[in-house]
Amino acid sequence: MQNLQNFRDYYEILGVPKEASSEEIKKVYRRLARQYHPDLNPGNKAAEDKFKDIGEAYEILSDTAKRAQYDQFSRYWKQKGFAGKQTPKTKQWDNRPNGRTSTQEVDPSEFSDFESFINQVIGVGGRKDTKNGGSSTSNDPFRSPKSRVEYTVPKNPPKQARRDIEARLTLPLEKAYQGGNERIRLEDGRSLEVNMPPGMVTGQTIRLRNQGIGGGDLYLKITVVPHPLFKLEGTNIFCQVPVTPSEAVLGGQVEAPTLDGPVKMTIPPGVRSGQRLRLANKGYPTDNGKRGDQLVEIQIVTPKNISPQERELYEKLREIETFKPRTDLLS
């Protein structure tokens, strides 16, 4: 069985395929870095460790030469495993300010474990120890080669630059009408409970102060889902209400749906199909605290199936009715 020696799959850590482009890797890294950043997860050790892991992975995969060496090392490990207790050959460090070797001189077969290899690639091995016995972290973002290579998160990380951000919120019409508390989850992993105003409409933007990045603002873009019964027409609400032929002829009270629940409305005798009736102050809220109206369109619906008794009455009505709607057409 091959000796894993703490090998770390950087592609798996970032959640990207091995053929991922540099732009794809950069996009995923930024999203994960925002999600697990210590500033957004104070006191969360697991998030801090994850932040270090993705930083280490990005350090290697974002650099073309380092990524090529890492891929070469990965293939070597899968084929032959590590060199076990073999002592790595001594390498000559060049005169570059960062103390790194040429990126083309790393031979996977010369390393006894993954740690030695990755430290050689990023240039940690040639650093002098500090008083604490570890590698210097003032210029190098990685810890001592004696321990796991990882990002060091400063105790007092620099404050992020102030930046406004946008988020989208999709709501059903009833929720947009009522407003109230709504929990939203942002792209950076934060969860906010927001007290939404009543009467929201599609395209509206709601500003939340100091909820952006570094004290910036958060702008919520509102989308209201189309409703199967109601349609907004400015501050008015439109809906259709079906009635029977007898209700249309005789008039009377029928139930109509509203955003506040069903209400009784009176239709006049002889109402026509397509005629609109108005329910005052049953529409959408306006900025001045008032409300629009609800417009109810009458739809006369004839039955497809009737009982023998109903048929008998309809036949009798046909014999005695005086209303002749086609008289003008035939004269």
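**Salt bridges and their surroundings**

Modeller: Asp49 forms a salt bridge with Lys45, and their closest N and O atoms are 2.9 Å apart. This is a predicted model. Both residues belong to helix 3 (residues 45–61). They are four residues apart, about one turn of the helix. Asp49 has a relative accessible area of 28%. That lies between the 20% and 50% limits, so Asp49 is partly exposed.

The whole structure holds 13 salt bridges. Another one joins Glu297 to Arg276, with the closest N and O atoms 3.8 Å apart. This pair links distant parts of the chain. Glu297 is in strand 11 (residues 294–300). Arg276 is in strand 10 (residues 276–279). How do they stand towards the surface, buried or partly exposed? Glu297 has a relative accessible area of 13%, so it is buried, under the 20% limit. Arg276 is partly exposed, at 41% relative accessibility.

Next comes a network. Salt bridges link Arg162, Asp164, Arg207 and Asp217. Within it, the side chains of Asp164 and Arg162 meet at 3.6 Å, N to O. Asp164 is partly exposed, at 37% relative accessibility. Arg162 has a relative accessible area of 53%, so it passes the 50% limit and is exposed.

Three strands form an open sheet in the order 1-5-4, with mixed pairing. Strand 1 (165–171) and strand 4 (205–208) are at the edges. Each has a single partner strand, so one side of each is left without a neighbour in the sheet. From one strand to the next, the twist averages 25°. Strand 4 pairs with strand 5 (residues 218–224) in the antiparallel sense, over four bridges. Ile206 stands opposite Leu220 in strand 5.

For contrast with the charged pairs, here is a nonpolar site. Tyr314, Leu317 and Ile320 form a nonpolar patch on the surface. Together they have about 300 Å² of accessible area. Tyr314 lies in helix 8 (residues 308–320). Its relative accessible area is 39%, so Tyr314 counts as partly exposed.

Asp49 is partly exposed, while Glu297 is buried.

Notes
Residues numbered from 1 in each chain as written. Predicted model: local features only at pLDDT ≥ 70, side-chain atom pairs only at ≥ 80, totals over all residues. Heavy atoms only, no water. Pairing = 2+ DSSP bridges. Helix = DSSP H or I, 4+ residues; strand = E, 2+ residues; numbered from the N terminus. Axes fitted to C-alpha atoms, helices over the stretch in contact; angles between N-to-C directions. Patch = residues over 30% accessible without salt bridge, like charges linked within 9 Å, V, L, I, M, F, W, Y side chains within 5 Å. Areas by Shrake-Rupley, 256 points an atom, 1.4 Å probe, with all protein chains shown as cover. Salt bridge = Lys/Arg side-chain N within 4 Å of Asp/Glu carboxyl O. Buried < 20%, exposed > 50% of the residue type's maximum accessible area, 1.4 Å probe, protein only.
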